[in-house]
Amino acid sequence: MSEAKTNPPLLELRGLEKRFELDKGFLETLRFKGGRITRERRQVHAVNSVSMTAEKGEVLCVVGESGCGKSTVARLVAGLLTPSAGEIHYDGERIDNRTRKAMMPLRSKMQMIFQNPYASLNPRMTIWQSLVEPVRHHNPQMSKGEVRDRVSDVMRSVGVDPSWSKRYPHEFSGGQRQRIAIARALTVDPEFIIADEPISALDVSIQAQVLNLMLEAREERGLTYLFITHDLSVVQHFGTRVAVLYLGAICELADTQTLFSNPKHPYTRALLSAVPQLKDDRPNHIRLKGEIPTPINLPKGCPFHSRCAYARDQCRMEQPKAVHQPDGSLVACHAVEEDWPRD
Ligand code: SF4
């Protein structure tokens with residue numbers, strides 16, 4: 001009897017790593033130590049062995065404090081950076097080792113929305129030129145009329161009046177510019193969107209509108225999102241699953257409801273304790289002491305041990321492995337694995 005074939009996840013990261021060299025030239029790597037000149041390369045460990053999947057149609061959120069490596073994950077997936085190690089698979093095929101030419105067919109399927117809409121809008125082009133350009137590039141067979149209809153439809157669907165077409169990006173408010181950037185991503189009919197803090201630069205009053213627009217686009221077009229944010233209240237309303245990142249490594253990965261109702265990793269608990277809730281029956285705000293250690297010299301053991309109230313000697317010596325929990329979540333913490341008291 002043949003085995004039933006299951007569909008691969010739309011996105012799969014396997015042990016993804018990204019290190020940035022700090023010393024640019026040979027001379028910068030030389031150090032004088034103990035009366036001798038030695039060579040020592042300093043690297044920023046931005047992403048450390050990240051493994052996760054995004055199924056078709058889901059909103060996988062990546063959260064963490066500033067500098068935790070979440071935007072680097074987005075840029076690696078988008079192909080804007082090359083991984084130092086590990087693999088990226090899209091729809092069952094490895095893509096991190098593809099040439100630019102081999103990536104071309106994927107470019108229209110995978111689009112990125114940035115925190116700053118100017119990153120995808122050329123200030124010297126009218127918004128019509130900015131929106132038409134990717135459609136023509138990815139669909140050279142389309143007639144002028146078809147391109148015009150496609151762009152006008154998308155503009156209307158994101159609340160951008162087609163009569164504004166001749167204006168330039170600077171003539172719009174931040175919220176309108178982000179709508180135009182979303183329209184630009186949607187004009188090529190993508191299936192996967194990488195959104196890097198897409199609402200954090202907008203006024204609070206506009207954030208909900210843009211978020212709702214992205215949710216509507218997901219429902220209408222069956223989109224899958226990799227959504228990078230530092231804002232847990234956004235995750236709670238938008239995400240289907242959440243990966244919590246600390247110093248470039250995943251400390252907890254769970255579906256949104258499980259994470260918010262039963263956070264397990266001490267870092268996740270501290271983050272969630274700061275999110276205001278209507279019905280707030282959780283323990284008091286957990287105040288994290290100390291700064292995030294520098295990613296240049298990663299601490300031995302658990303990356304969180306210098307700020308964790310439950311740290312023991314084992315935490316300082318041994319890096320915890322991500323372990324599956326009975327509720328399906330994945331947690332990297334000795335205290336959770338060995339059931340130390342944490343209340
Ligand atoms: Fe805290 Fe230790 Fe768990 Fe790290 S492994 S989060 S230091 S208890």
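Q: How does the lining of the second largest cavity divide by class?
A: The lining of the second largest cavity has 4 nonpolar, 1 polar and 3 charged residues. Here Ala, Val, Leu, Ile, Met, Phe, Trp, Tyr, Cys and Pro count as nonpolar, Asp, Glu, Lys and Arg as charged, and the others, Gly among them, as polar.

Q: Before we go on, what kind of model is this?
A: This is a predicted model, in which local features need pLDDT of at least 70 and side-chain atom pairs count only at pLDDT 80 or more, while totals for chains, interfaces and linings use all residues. Residues are numbered from 1 along each chain as its sequence is written, and side-chain values use heavy atoms, with hydrogens and water left out.

Q: Okay, which residues line that second largest cavity?
A: Its lining is made up of Ser157, Val158, Leu186, Leu213, Glu216, Ala217, Glu220 and Arg221 (lining residues have an atom within 4 Å of a cavity point, and a cavity is a set of points on a 1 Å grid over the protein atoms alone where a 1.4 Å probe fits but cannot get out).

Q: Which helix gives the most to it?
A: That is helix α6, residues 204–221, which supplies 5 residues of the lining (a helix is a DSSP run of H or I with at least four residues, a strand a run of E with at least two, both numbered from the N terminus).

Q: And what volume does it have?
A: The second largest cavity has a volume of about 60 Å³, where volume is the space filled by probe spheres set on the grid points, which are joined across faces, edges and corners.

Q: Where does the ligand sit?
A: The ligand sits in the largest cavity, in the sense that more than half of its atoms lie within 2 Å of the cavity's grid points. Around the ligand there are 14 residues, the closest being Cys302, Cys308, Cys315, Cys333 and His334 (each has a heavy atom within 4 Å of the ligand).

Q: New topic: why is helix α9 largely enclosed?
A: Helix α9, residues 266–273, is largely enclosed by the rest of the structure because 8 of its 8 residues are buried (buried means under 20% relative accessible area, with a 1.4 Å probe and protein chains only). Among the buried residues of α9 are Pro266, Tyr267 and Arg269.

Q: What do they pack against?
A: The buried residues of α9 pack against α7 (232–238), β11 (241–246), β12 (249–255) and α8 (256–261), where contact means heavy atoms within 4.5 Å.

Q: What about the backbone of Glu197?
A: Glu197 is not a glycine, yet it has a positive phi of about 50 degrees. Glu197 lies in the loop between β9 (192–196) and α6, and at 8% relative accessibility it counts as buried.

Q: And where is Leu247 found?
A: Leu247 is in the loop between β11 and β12, its phi is near 50 degrees, a positive value in a residue other than glycine, and it is buried with a relative accessible area of 4%.

Methods
On a 1 Å grid over the protein atoms alone, a cavity is a set of points where a 1.4 Å probe fits but cannot get out, and a pocket is an open set with protein on both sides within 12 Å along at least five of seven lines; lining residues have an atom within 4 Å of a point. Buried means under 20% relative accessible area, exposed over 50%, partly exposed in between (1.4 Å probe, protein chains only).
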